[in-house]
Amino acid sequence: MDFTPSEEQTAAQGLAARIFGDLSTHERLTAAGTGTDAELWKELCAAGLPAAVEDVGLLGLVLVLEEQGRTTAQVPLAATCVYGLLAVAPHGTPEQRERLLPGLRDGTAVATGAFPARGGVHIAEDGALYGSVPWVPWLRDATHVLVADAERGLWIVRTGEPDVTAVPVETTAPWSAGRLVLDGVRGERLGNGQPGAYADVLATARTAFAGLQAGVCAGSLARAVHHTVTREQFGRPLSTNQGVLLRAADAHMDTEAIRVTAYEAAWRHDEQRACEAQALTAAWWASEAGKRVVHAGQHLHGGTGADLDHPVHRHFLWGRQLDAYLGCGGEVLEELGLLLAHSSQEGAS
């Protein structure tokens, strides 16, 4: 097992760090409100970062998303890469890849996913899709939605179709979300309906969003460290207080646990090894540990952390959103337990 990034992965991460660091500033985020930073998205696409994901793999995407998380940049990068590029490239038909991938690479198309499957979408006898999904991230920006039906079949739905409605929804984090309503739309099946596509896309999503959470936590902790080092109380920095040091140390260990489990899941995926259990492990750490870290980051800011306009509050909102997205800690732990039990039974038979 080797998580050492390749030259291409390191270059993609460095480019992402520079663009996010330069453009995803407090002032720009404030101006964007709860919407997407369209100019930042154009800059990322012009730099070729979405397109690079096909070359740098899931581990490379995790590294790039860490940089997004550090700045809580409001762009649909994770959704487009996971539910678009990394879904269509391995599972789409040759015709779908030729037609859909160019737009996803250059940013003229934006993808998102109605995941995980919770039985909200059904297929009628005539093959049309009916149902609704309470909220889908970045739906307000999306041109295409990857929909998972009740039987875990995958369908590509264009948001501009007359039988597709996207009702704006405000979530904890400013993810330009919406409620998806399908009223007899003719979706396009992804690929040939091969088994395992849903599980692969969901594992990819959980791994990628765990990487995003690692960045969110790292950014929150960095802000907390800066605050406690520069803020003095009773004539000395807050960082000299043992309680502060221990809380920050715990947050650091939690952040590293999220990062390393995401790296392992991504590495196994890129090596075409079984990674469902590792993706669930990364998702559990992202949920449980991520929640602890962003709470610690806010608490270590003291009264300043209660300011809703302070940058650290964005990390808190993102961390709590990622805690619940794709399954909270208890849900993914139950799923992991069932998976391990089933694997154990198969091994014994």
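**Chat notes**

Analyst: Let me start with Pro162, which is exposed at a relative accessible area of 74% (buried means under 20%, exposed over 50%, partly exposed in between, with a 1.4 Å probe and protein chains only). Before we go on, this is a predicted model, where local features need pLDDT of at least 70, side-chain atom pairs count only at pLDDT 80 or more, and totals for chains, interfaces and linings use all residues. Residues are numbered from 1 along each chain as its sequence is written, and side-chain values use heavy atoms, with hydrogens and water left out.

User: Where is the place of Pro162?

Analyst: In the loop between E5 and strand E6 (164-168). Helices (H or I, at least four residues) and strands (E, at least two) are DSSP runs, numbered from the N terminus. The C-alpha atom of Pro162 is 7.9 Å from that of Val185, and the two residues are 23 apart along the chain.

User: OK, strands then. How do E6 and E7 pair?

Analyst: Antiparallel, over five bridges; two strands count as paired if DSSP finds at least two bridges between them. Thr165 sits opposite Val181 in E7. Strand E7 (residues 178-185) also runs antiparallel to strand E3 (residues 129-136), with six bridges joining them. In E7, Gly178 is the bridge partner of Val136.

User: And what order has the open sheet of four strands?

Analyst: E1-E4-E5-E8, with mixed pairing. E1 and strand E8 (188-189) are at the edges with a single partner strand each, so one side of each has no neighbour in the sheet. E8 pairs with strand E5 (residues 154-158) in the antiparallel sense, over two bridges, and Trp155 stands opposite Arg189 in E8.

User: Switching to rings. How many aromatic pairs are there?

Analyst: Nine, from a search of the whole structure. Rings of Phe, Tyr and Trp (its six-membered ring) pair if their centres lie within 6.5 Å; planes under 30 degrees apart are stacked, over 60 edge-to-face and the rest tilted. One of the pairs is Phe115 with Tyr198, stacked at 5.4 Å centre to centre and 15° between the planes.

User: What does that pair tie together?

Analyst: Parts that are 83 residues apart in sequence, because Phe115 lies in the loop between strand E1 (111-114) and strand E2 (121-123), and Tyr198 in helix H7 (residues 197-230). Phe115 is buried at 7% relative accessible area, and Tyr198 is buried too, at 6%.

User: How are Trp284 and Trp285 arranged?

Analyst: Edge-to-face, with 5.2 Å centre to centre and 85° between the planes. Trp284 is partly exposed at 24% relative accessibility, and Trp285 is partly exposed at 25%.

User: Back to H7. How many of its residues are buried?

Analyst: 26 of the 34 residues of H7, so this helix is largely enclosed by the rest of the structure.

User: Last topic: what volume has the largest pocket?

Analyst: About 400 Å³. A pocket here is an open set of points on a 1 Å grid over the protein atoms alone, where a 1.4 Å probe fits, with protein on both sides within 12 Å along at least five of seven lines; lining residues have an atom within 4 Å of a point. Grid points are joined across faces, edges and corners, and the volume is the space filled by probe spheres set on them.

User: Which residues lie nearest its centre?

Analyst: Arg152, Leu202, Arg206, Leu280 and Glu335, out of 20 lining residues. The largest share of that lining, six residues, comes from H11.
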